[in-house]
Amino acid sequence: MAKIISVANQKGGVGKTTTAINLAAGLAKAGKSALVIDVDPQCNATSGLGVEPAKRHPLLAGKPLAESVSPTTQERLYVLPGSQSLADADALSASNRQRASALRQQLGSELSKYDYVLIDCPPSLGQLTRASLGASAEVYIPIQCEYFAMEGLSQIIELARQTKARDNRRLEIGGIVLTMYDPELELANEVANEVRGFFDDAVFDTMIPRDVFVSEAPSHGLSVIDYAPRARGARAYMELTLEVIDRDQG
């Protein structure tokens, strides 16, 4: 069975899609087969891995998901492309447990050959995020090391708890990823310490630094690990990858 992980935060601009792409790329580099599922109508995870968005979202296309999976330029890294269709976004966001159950069944039965499946959720607490959490074993929550970092974090955690109680007893908070970290900024260190003080072991040790190469990589359709393997951001995402694997093996 694939390990299904939702990467979610209702705040935009916190490194959610960047983390989904680069963690998946790191897992592929570590010898794991990794699939990114793009359910964000912006389709940034799709284009960020050099793949064209689908005209119809594969989760709604009525054919086996495997037929819609696209390889990337990196070995063992695949993407199930998103769709920019507003009608598809509405259909995927259908407000009922049946959608979450159907999504869970699709992912569990049709994508079991992958070691990891990372779902890039939209920046909201809407039904699409709820359905993704309902289909996942864990949720990873990226937050930036900036002033409003804690704002809304309790909301996504509460949503995960509600989903666990109502729809998916397997769901766990897999970890909080601190992103956009600048060690020279006193505020960044204060935020990191505050988050660790509140959430302790749930916070990954690895912090993702601010790095221009991380920002540039998606425009080339590559993870930063492939685009600039010696960059600080690439090293950080590989360290995060090793943490994820260690946690799973532990």
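Ser6 has Val139 as its bridge partner in strand S6. The model is a predicted one, in which local features need pLDDT of at least 70 and side-chain atom pairs count only at pLDDT 80 or more, whereas totals for chains, interfaces and linings use all residues. Residues are numbered from 1 along each chain as its sequence is written, and side-chain values use heavy atoms, with hydrogens and water left out. The protein contains 10 helices and 8 strands, where helices (H or I, at least four residues) and strands (E, at least two) are DSSP runs numbered from the N terminus.

**Overall form**

- For 250 residues, a compact globule would have a radius of gyration near 18 Å, and the 17 Å of the protein agrees with that; the radius is taken over C-alpha atoms, and the globule rule is 2.2 Å times the number of residues to the power 0.38.
- Taken along the principal axes, the box filled by the C-alpha atoms is roughly 50 × 40 × 35 Å.
- Of the contacts with a separation of 6 or more, 77% are between residues 24 or more positions apart, a contact meaning heavy atoms within 4.5 Å.

**Burial, surface and charge**

- Buried residues account for 53% of the 250 residues, with buried meaning under 20% relative accessible area, exposed over 50%, and partly exposed in between (1.4 Å probe, protein chains only).
- The accessible surface is about 11,200 Å², and carbon and sulfur atoms contribute 48% of that area; the areas come from the Shrake-Rupley method with a 1.4 Å probe, and for residues only the protein chains shown count as cover.
- The protein has 25 positive and 31 negative charges, whose mean positions are 7 Å apart; Lys and Arg count as positive and Asp and Glu as negative, while His and the chain ends are not counted, and each charge is placed at NZ of Lys, CZ of Arg, CG of Asp or CD of Glu.

**The sheet**

- An open sheet with mixed pairing is formed by 8 strands in the order S3-S4-S2-S5-S1-S6-S7-S8; two strands pair if DSSP finds at least two bridges between them.
- Strand S3 (70-71) and strand S8 (203-209) stand at the edges with a single partner strand each, so one side of each has no neighbour in the sheet.
- Strand S1 (residues 3-7) has 5 of its 5 residues buried, with Lys3, Ile5 and Val7 on one side and Ile4 and Ser6 on the other.
- S1 runs parallel to strand S5 (residues 116-120), to which 5 bridges join it, and within S5 the bridge partner of Lys3 is Tyr116.
- S1 also pairs with S6 in the parallel sense, over 3 bridges.
- S6 (residues 138-144) is in turn joined to S7 by 7 bridges, and these two strands run parallel; here Gln144 has Thr179 of S7 as its bridge partner.

- Helix H5 (residues 127-134) is mostly covered, as 6 of its 8 residues are buried; among them are Leu128, Ala131 and Leu133.
- Pro183, in the loop between strand S7 (172-181) and helix H7 (186-199), is partly exposed at a relative accessible area of 45%, and its C-alpha atom is separated by 32 Å from that of Ile4, 179 residues apart along the chain.
- Gly50, in the loop between helix H2 (44-48) and S3, is exposed at a relative accessible area of 56%, and its C-alpha atom is separated by 30 Å from that of Ala149, 99 residues apart along the chain.
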